[in-house]
Every structure is written in C-alpha cells, then in structure tokens.
Amino acid sequence: MLAAPKLENEEARIKELYDYGILDTPPEFNLDEIVFIASYICQTPISLISIIDRERQWFKANLGLNATETSRDISFCGHAIHQDEVFIIENTENDERFKDNPLVTADPKIKFYAGSPLITSKGYKLGTLCVIDHKPNKLNNDQERILKSLAKLVIQNFEMKKLFKKIQTDEKNLIQHAKMLSLGEMASGIAHEINNPLMIITGKTHLMKEYIRENPTLDGTYLLSEIDKIEMTKDRIKEIITNLRLFAKNSEKEPLQPYSILGLLNETLLLCKEKIKNRSIEIKLDNVESMKNIYVNCKPNHIRQAFLNLLLNAYDALESVENKIINISFQVLPDRIKISFIDNGVGISKENRENLMKPFFTTKEVGKGIGLGLCSTKGIIEEHKGLFYLDTIVQNTCFVIELPRKNEKL
C-alpha cells in the first residue's frame, strides 16, 4: 500500500479548510442530495463528500458507508487531491498503490473508485466528491463530466456558507460599531451624570470635615445622615458604571434569557436621560402598568442597544423643535408586545422612507451620524424573531418594535 504524500501547499490548504468551518458539522440536505445523484448517475452503491484533514478523511455526506471518517494514510481521496481532474481506479486489485489497502482487503472492499477534487476559488483542494463500488467499474465521458459538475456544486455550497458566515460576522461588527458610536454620542451626558453625584460626595465630605472641626462634641445623628446620602450617591454612580460596562461589552455570546421589557427600557434611559434632559426633551411613557411582569426571551444588551438607537434617533429629530416630546407606548398582545417610539419632530419624507433601514443611509448633516442606528436595530429585532418598522399611519415619526413575549419570568 502506498500512502499519498502531503501536498506542497499543505499548511495553506489546511488553513483554507479550517476557514470554511466544514469539519464535524451536521449533515445537510443539499449535500446529501448531491451524493445521491452522484451514486445514481455513476451507478455505484457508495458516494461520499470526503474532506481531507491533517491526519484523517472525514465524510461531510455519506451514502452507502457506515463509517464517518478514516485515517488519511489509507484514504483514496488523499491521492485524488493531487489531481485536477477526476481520479479513477477501475480495479484496485490491479493497482500496486491500493491492492493491499485495508479498505480493499476488508470492508468496504473497494474495487472501484472515482473522485473529483473539491477545488476552492483560490485553488486549494479540500477533499473530493467520490463514488465507490464493490466490483470493478468504469465511468463514461458523461458520468465523469457530471461528477466534476457535482463537485463544483459542493464547492459552491461551501463558498455560500462561508460568505453567509462572513455576512453574519460583518453584521455583528456593524452592531458593535453602532453601539460604540452611541456611547460616543452619550459621552458628555454620562460624564455629567457621573460628575453630579461626585460633586455631591465632594461637597458632603467637605461639610463633614468642617462640622468635625467646629464641633468637638460630635452629633453622630447628623454624621450618619450625611454618610447615608454619600452611600446612596455612591450606589447611583455604581449603577451608571455597571450599565455602561454592560452596554459597552461585545455580547455576541450572551445567552437568551427571560428579561423584563420595562427593566430593559429603564436601564437604557438611565444611560441617556442626562443627554435628553439637557435638550429639554420630555419622555412620556404610556400604558406602563400593562408591562409589569411582561418578559421577553432575549439577549438583554442587544435590546438595550435597539432602545438606545431609537432614543438617540428621536433626540436628533427634535433638535429644531420647541416643545420636544418622545412618547414611548406599550401594547400587550396575545403572543407579543408592541413598543412604539414616537417623537414630535419634523417627520420623515416619503422619498426617504424606503431607504431608512439601509446601512449608512442618513438624512443628518455630515458629522452627525453615519446611518447605522436603524439598520442595526432592525438586525437586532429580527434576530429575536421580532418586527421593526416605521408606522406611516401615525402622524408623527413612529418606529415600532414587536417582540415575542413571555407572560412571566421562568
């Protein structure tokens, strides 16, 4: 038996293979159909999509063989990936490389093999689409051509999945980028929000020092009262910083969990209320009582991000309005909740409505936004099996979030 040598570009090939993320993934219907077609066209009982790893061949799709992988050194596909065309062994008993191979002398007793290499767009060979028979066999020109075409379909499937994963990664990076932009927009407000309690602490400690100097016989009641106020102020700072850290972290691996929708909104408002207050914007909450004990199964930090995007979007829309109002209304439906963010700004023109959710589309002046907020909000809500849309029936600008709900915390 002759084991196939490693390819000259083996390390680069392995890196390319791992970049595809194929190994040890579950079966896929489309690929199972391809091996079925290959087996039918070539009239063989066995057909495989074989991926060549460093020391093993692993079967992504498998028709007619019980094994899920074998050692690479006894693999036929290890030889096939040295070829650009279909690698064919019509009768293994007549081939010095394979006649004493354990896959020939024992089960599955391969007598015929034909494998078309799976060649990526960069020219790397990840494995093969192969057909196998227990008796000597041949392929005619049409069968060989179809086998090659099916191998190209396998690679196209891999390429599409790789592209889809890249799109998902880019989307997650986009959401994180939007989050950091939001933090930048809130920075001055958050600094003010923290500076206020720090000034209180500074003032209280100064007064306590003066009181101690002026009163040799100390009044413990007064001091305890002042210390209590400092403790409360400290807790306020801690809450702000905790929420800020939660918001800032990249939470893609955050698990889905039941969370109070009202709690999520309040935590978001805590981060931006100073910024909103500085512009004299009034926040109105409608039908809040209905939201008590209403939970959604979510990634909490992602929903906070969606809420913040809409609050900041409304904040910008109200820049030139005198009586600034953001109205947040809730509606509890049998299987979902509906949250509407309504501002009394100038509204959105009909020609801009269809582009609102597209990445980098913005009607703001240069330097005041790059158009990621609504796009990332849409992605977040749809990731949670919800809906996000502009309600054009409402006279003012009204963005709506609908999310599947849970009646109570689990």
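Predicted model: local features only at pLDDT ≥ 70, side-chain atom pairs only at ≥ 80, totals over all residues.
Q: How many salt bridges does the structure hold?

A: Good place to start! The structure holds 23 salt bridges. Let's look at a few of them, one by one.

Q: Which residue does E28 meet in a salt bridge?

A: The partner of E28 is K60, and their side chains come to 2.9 Å, counted from N to O. Now look at where the two sit along the chain. E28 lies in the loop between α1 (10–20) and α2 (29–42), while K60 belongs to strand β2 (residues 56–63). They are 32 residues apart, so the pair links distant parts of the chain.

Q: Where in the chain are E85 and K148, and what is the distance between them?

A: E85 and K148 form a salt bridge whose closest N and O atoms are 2.6 Å apart. E85 is in the loop between α3 (77–80) and β4 (87–89), and K148 is in helix α5 (residues 141–214). As for accessibility, E85 is partly exposed at 44%, and K148 is partly exposed at 27%.

Q: What about K99 and E96?

A: Their side chains meet in a salt bridge of 3.0 Å, N to O. K99 counts as partly exposed, with 39% relative accessibility. E96 has a relative accessible area of 57%, which is over 50%, so E96 is exposed.

Q: Now for helices: what describes two packed helices?

A: Two things do: the angle between their axes and the distance between the axes. The crossing of α8 with α10 is left-handed.

Q: Which residues of α8 and α10 meet?

A: On the α8 side you can find H302, I303, Q305, A306, N309, L310 and N313. Facing them in α10 are G373, L374, S376, T377, I380, I381 and E383.

Q: How many residues of this contact are nonpolar, polar and charged?

A: The contact of α8 with α10 has six nonpolar residues, seven polar ones and one charged.

Technical notes: Residues numbered from 1 in each chain as written. Heavy atoms only, no water. Salt bridge = Lys/Arg side-chain N within 4 Å of Asp/Glu carboxyl O. Helix = DSSP H or I, 4+ residues; strand = E, 2+ residues; numbered from the N terminus. Buried < 20%, exposed > 50% of the residue type's maximum accessible area, 1.4 Å probe, protein only. Left-handed = near helix turned anticlockwise from the far one by under 90°. Contact = heavy atoms within 4.5 Å. Nonpolar A, V, L, I, M, F, W, Y, C, P; charged D, E, K, R; others polar.
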